[in-house]
Amino acid sequence: MVAECLVTDATGPLVPAKGARFRLAVQAPDRLRVDVAANGAVLTACRNGTELWAVPAETMGALAASAGLDGGRKSEANPVSPPLVPLALDTKMLAFLPLVFDVKDLGIEEGSSLRMLQFALLPDVRNAIRAPDFTARAWIAPDYRPVRVAIESTGYAIDLQVEKINFAEWLPEAAWQPDEGSQPLELPAAALNALFEKMLESGSASTRE
């Protein structure tokens, strides 16, 4: 899947992300790439299996350091990294998602044709894995494609407009590799979430294309 998104609103530390655009590419079971337009440049972080690379190295190194991550270019990849749920789940395991998430159908939004769904981890599951509390809402078009996603958690909220979304069986191998000749920052794959948050924080309304 490749989705192009616009941050329409944000609170807390993500306020600077308002107006920023980013592209999200995912491929099961363990590939995820994020390209964020920030201050006239493009910041990229890509998890490819147990490895995580990011460019431009100098800028991403500073963001990694601000997140408390090892900013060295020679950081070793995790031998084992947390799976990208639900990408890493097979069809049988996906059947158990209702036992993990509290999903509510909020019906059709007034004045539109969009169906609203609300998601949250069940309290017992959230406590067991010590995950932060969050609530997410998705607005689904009649063709079943998400057009808006809003996430609220402790200390921040973010509202995304999904401008374009495409699906394919796989993406080209080059999508998961840095450009030839570049010297990317290398980090453990488990650092992706913290790095992505810092990438969004570095965004601004000036990044609109």
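**The nonpolar core and its surroundings**

Guide: Met60 touches Leu43, Thr44, Ala45, Ala54, Val55, Leu185, Leu195 and Met199, leaving aside residues up to four places away in sequence; contact here means heavy atoms within 4.5 Å. The model is predicted, so local features require pLDDT of at least 70 and side-chain atom pairs pLDDT 80 or more, while totals for chains, interfaces and linings use all residues. Residues are numbered from 1 along each chain as its sequence is written, and side-chain values use heavy atoms, without hydrogens and water.

Met60 is among the members of the largest nonpolar core, which has 31 residues; Phe22, Ala45, Met60, Leu195 and Met199 touch the most other members. Such a core is a set of buried Ala, Val, Leu, Ile, Met, Phe, Trp, Tyr and Cys residues joined through side-chain atoms within 4.5 Å. Buried means under 20% relative accessible area, exposed over 50%, and partly exposed in between (1.4 Å probe, protein chains only). A second, separate core of 6 residues includes Ala25, Trp53, Val55 and Trp176.

Phe22 also takes part in the 1 aromatic pair found in a search of the whole structure. Rings of Phe, Tyr and Trp (its six-membered ring) pair if their centres lie within 6.5 Å; planes under 30 degrees apart count as stacked, over 60 as edge-to-face and the rest as tilted. The ring centres of Phe22 and Phe196 are 5.7 Å apart and the planes stand at 70°, so this pair is edge-to-face. Phe22 lies in strand E2 (residues 21-27) and Phe196 in helix H4 (residues 192-201), so that the pair links distant parts of the chain, 174 residues apart. Helices (H or I, at least four residues) and strands (E, at least two) are DSSP runs, numbered from the N terminus. Phe22 counts as buried at 7% relative accessibility, whereas Phe196, at 22%, is partly exposed.

Helix H4 lies across E2, strand E3 (31-38), strand E4 (41-48), strand E5 (51-55), strand E10 (156-166) and E11, running at about 170° to E4. Axes are lines fitted to C-alpha atoms, for helices over the stretch in contact, and angles run from 0 to 180 degrees between N-to-C directions.

These strands belong to an open sheet of 11 strands, in the order E6-E7-E8-E9-E10-E1-E2-E3-E4-E5-E11, with antiparallel pairing; two strands pair if DSSP finds at least two bridges between them. Strand E6 (101-108) and strand E11 (185-188) are the edge strands, each pairing on one side only.
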